[in-house]
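The entries follow the order in which I went through them.

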Amino acid sequence: MADSTHPLLSLADSGESEDTPPLVKHLPSLDSIIESVIGNFGLPQFLQAVLVSIAWAFDAQQTFISVFTDAHPTWHCTQLGDESCNSASNICNLPTNSWAWDLPADTSILSEWNLECAASFVPGLPASSFFTGCLVGGLVLATLADSSLGRKNMLLLSCLMMSLSSLLTVIFSTNIWIYSALKFLCGFFRSAISTCALVLSTELVGKRWRGQVGVVGFFCFALGFLSLPAMAYMNRGSSWRSLYLWSSIPGIFYSILVHLFVRESPRWLFVNGREEEAVATLKSIASTHHDSSNWNFSGMCFEQETCNANLYSTVKILVAKKWALRRLSAVMVIAFGVGLVYYGMPLGLGNMAFNLYLGVTFNALSELPSALFTFFFIGKLERKNSIIVFTTHSGVCSIMCVLKGKMWTRLQIGLELVSFFSASTVVNILLLYTVELFPTCVRNSATSMTREALVLGGVFGPMLVSVGRKDGLASFGVFGLAIGCCGMFAACLPETRGGTL
């Protein structure tokens with residue numbers, strides 16, 4: 001990061017301006033000291049980063065699983081010659097014996113619990129409950145990874161509890177209300193996974209590989225998203241509960257691997273005064289050609305970062321300084337607009353005249369070129385300008401999805417994919433940008449609050465999609481305006497490309 005983080009880490013009054021933190025010129029940063037001792041990016045760091053980043057795959061599965069489990073199933077008329085029943089009919093106005101579902105009723109929650117004629121907000125309630133749980137969980141769990149638990153333990157707890165909550169959904173969901181409550185619980189614990197995985201993986205390597213390692217998590221998220229339509233297609237005709245079963249059990253086994261093999265962030269250990277553990281971690285991840293036998297940090301002088309043990313002290317620190325609050329406010333506004341499109345677009349695929357399995361597959365596949373683009377160009381991209389360009393592009397394509405006519409209907413899925421690709425790229429860049437904007441002591445909390453804003457967009461997305469079944473302007477039109485306007489707030493942020501953490 002170009003600016004020093006020292007003023008952010010102390011609440012004491014000083015003669016320096018709060019608007020722009022002054023440079024500390026004399027002492028090397030903790031980041032540079034750690035980078036000098038672990039050496040070049042080696043196999044131990046790579047394996048740690050990959051193992052940590054796999055958590056993103058389970059995050060993606062639980063985030064988008066409602067696209068299939070809560071889908072509106074297709075139906076057909078059962079009485080030949082009945083002119084009142086056709087594909088354009090409203091089944092709520094038809095006799096129950098004149099139509100039937102194409103697949104067994106338990107393939108979707110809507111058909112199993114007879115929700116086809118429920119109020120428009122009811123079909124979107126489980127997905128909104130999930131994102132509301134993410135929102136509440138982010139507020140409650142955000143600072144635990146910075147304060148008492150650390151990155152590794154927070155990742156372990158979140159992934160394990162999310163998977164167990166998903167498994168409970170299979171066992172106890174007997175109606176829409178219990179199902180929504182369990183989705184809330186699943187979202188609550190899911191809220192910290194991607195943030196902890198991103199921060200931990202980037203803190204295990206030097207600044208040269210920080211961006212590339214962060215993108216590994218985005219690849220894993222894309223693979224997890226891509227696995228959903230494959231699992232759903234293999235289970236078509238089966239109960240929607242089987243999809244939760246397939247996605248929850250692997251997550252439990254992964255949590256065991258995290259406990260056994262993942263190392264804690266050495267930066268977090270140093271900041272929290274656990275020097276011996278930090279040195280042990282550094283020795284385990286250092287390049288093989290580095291001699292670690294005579295490492296001694298006790299006599300080394302470097303810029304100190306200190307953490308208050310108070311659980312919510314990091315939030316107080318973030319809002320106490322004007323420059324920190326300005327940065328946090330800007331990235332959260334951007335994240336909200338991006339979240340509407342990123343989480344809303346896949347849920348809106350059911351409103352399009354296109355195969356749902358193929359639509360979700362194409363959306364998941366668009367995550368891969370987005371991650372590849374970020375991987376190869378993150379070292380060259382200016383963060384703020386990239387965010388403005390991609391949010392504008394996504395907004396224009398989203399609004400164009402509203403246009404009517406035979407030609408526009410054919411182009412609709414293409415415009416949706418371009419809009420989703422652009423939003424996905426902004427998510428990747430924005431999360432890495434947030435990591436660069438804040439220091440170790442509050443980095444996880446700041447990134448969590450950015451994710452909170454993304455999730456807040458996800459809370460409104462399902463409701464807009466439900467309303468948009470009748471009027472596309474209420475969904476795709478709102479999505480486009482929101483991401484286009486919110487993206488302009490990137491102009492308020494400093495550029496961080498090439499800086500240190």
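I began with the lining of the second largest cavity, where helix 19 gives the most, with 4 residues. I note at the outset that this is a predicted model.

**Entry: the second largest cavity.** I looked up which helices supply at least two residues each of this lining, and found helix 6 (125–141) and helix 19 (440–467). The space in the second largest cavity comes to about 50 Å³. Of the 10 residues that line the second largest cavity, I wrote down those closest to its centre, which are G138, S191, S448, R451 and E452. Sorting the lining by class, I have 4 nonpolar, 3 polar and 3 charged residues.

**Entry: the largest cavity.** A search of the whole structure gave me 4 cavities of 30 Å³ or more, and the largest cavity holds about 60 Å³ of space. I listed W56, F218, F221, Y342, E367, V427, N428 and R451 as the residues that line the largest cavity. Here helix 10 (210–234) and helix 18 (406–437) each supply at least two residues of the lining. By class, the lining of the largest cavity divides into 5 nonpolar, 1 polar and 2 charged residues.

**Entry: an aromatic cluster.** Which residues form one aromatic cluster? I found W56, F64, F130, F131, F218, F221, F225, Y342, Y343 and F420. I went back to the cavity list and saw that W56, F218, F221 and Y342 are among the residues that line the largest cavity.

**Entry: aromatic pairs.** The search of the whole structure finds 29 aromatic pairs. One of them joins Y179 and W240 edge-to-face, with 5.2 Å centre to centre and 65° between the planes. Because Y179 lies in helix 8 and W240 in the loop between helix 10 and helix 11 (241–261), this pair ties together parts that are 61 residues apart in sequence. I checked the accessibility of both partners: Y179 is buried, with a relative accessible area of 0%, and W240 is buried as well, with a relative accessible area of 2%.

F375 is partly exposed, with a relative accessible area of 25%, whereas F376 is exposed, with a relative accessible area of 56%.

**Entry: helix 8.** How far apart are the end C-alpha atoms of helix 8? I found them 20 Å apart, which agrees with the 21 Å that the 15 residues of helix 8 (residues 176–190) should span at 1.5 Å a residue. At the N-terminal end of helix 8 I noted a cap by N175, where a side-chain oxygen lies 3.0 Å from the backbone nitrogen of W177. For the buried residues of helix 8, I wrote down I176, Y179, S180, L182, K183, C186, G187, F188, F189 and R190.

**Entry: V319.** Is V319 buried or partly exposed? I have V319 as partly exposed, since its relative accessible area is 45% and the partly exposed range lies between under 20% for buried and over 50% for exposed. V319 and S329 are 10 residues apart in sequence, and I noted a C-alpha to C-alpha distance of 9.6 Å in space.

Conventions. Residues are numbered from 1 along each chain as its sequence is written. This is a predicted model: local features need pLDDT of at least 70, side-chain atom pairs count only at pLDDT 80 or more; totals for chains, interfaces and linings use all residues. Side-chain values use heavy atoms; hydrogens and water are left out. The expected span of a helix is 1.5 Å times one less than its number of residues. Buried means under 20% relative accessible area, exposed over 50%, partly exposed in between (1.4 Å probe, protein chains only). A polar contact is a pair of N or O atoms within 3.5 Å; within protein, one must be able to donate a hydrogen and the other to accept it, and residues adjacent in sequence count only if both atoms are side-chain atoms. On a 1 Å grid over the protein atoms alone, a cavity is a set of points where a 1.4 Å probe fits but cannot get out, and a pocket is an open set with protein on both sides within 12 Å along at least five of seven lines; lining residues have an atom within 4 Å of a point. Grid points are joined across faces, edges and corners, and a volume is the space filled by probe spheres set on the points. Ala, Val, Leu, Ile, Met, Phe, Trp, Tyr, Cys and Pro count as nonpolar, Asp, Glu, Lys and Arg as charged, and the others, Gly among them, as polar. Rings of Phe, Tyr and Trp (its six-membered ring) pair if their centres lie within 6.5 Å; planes under 30 degrees apart count as stacked, over 60 as edge-to-face and the rest as tilted.
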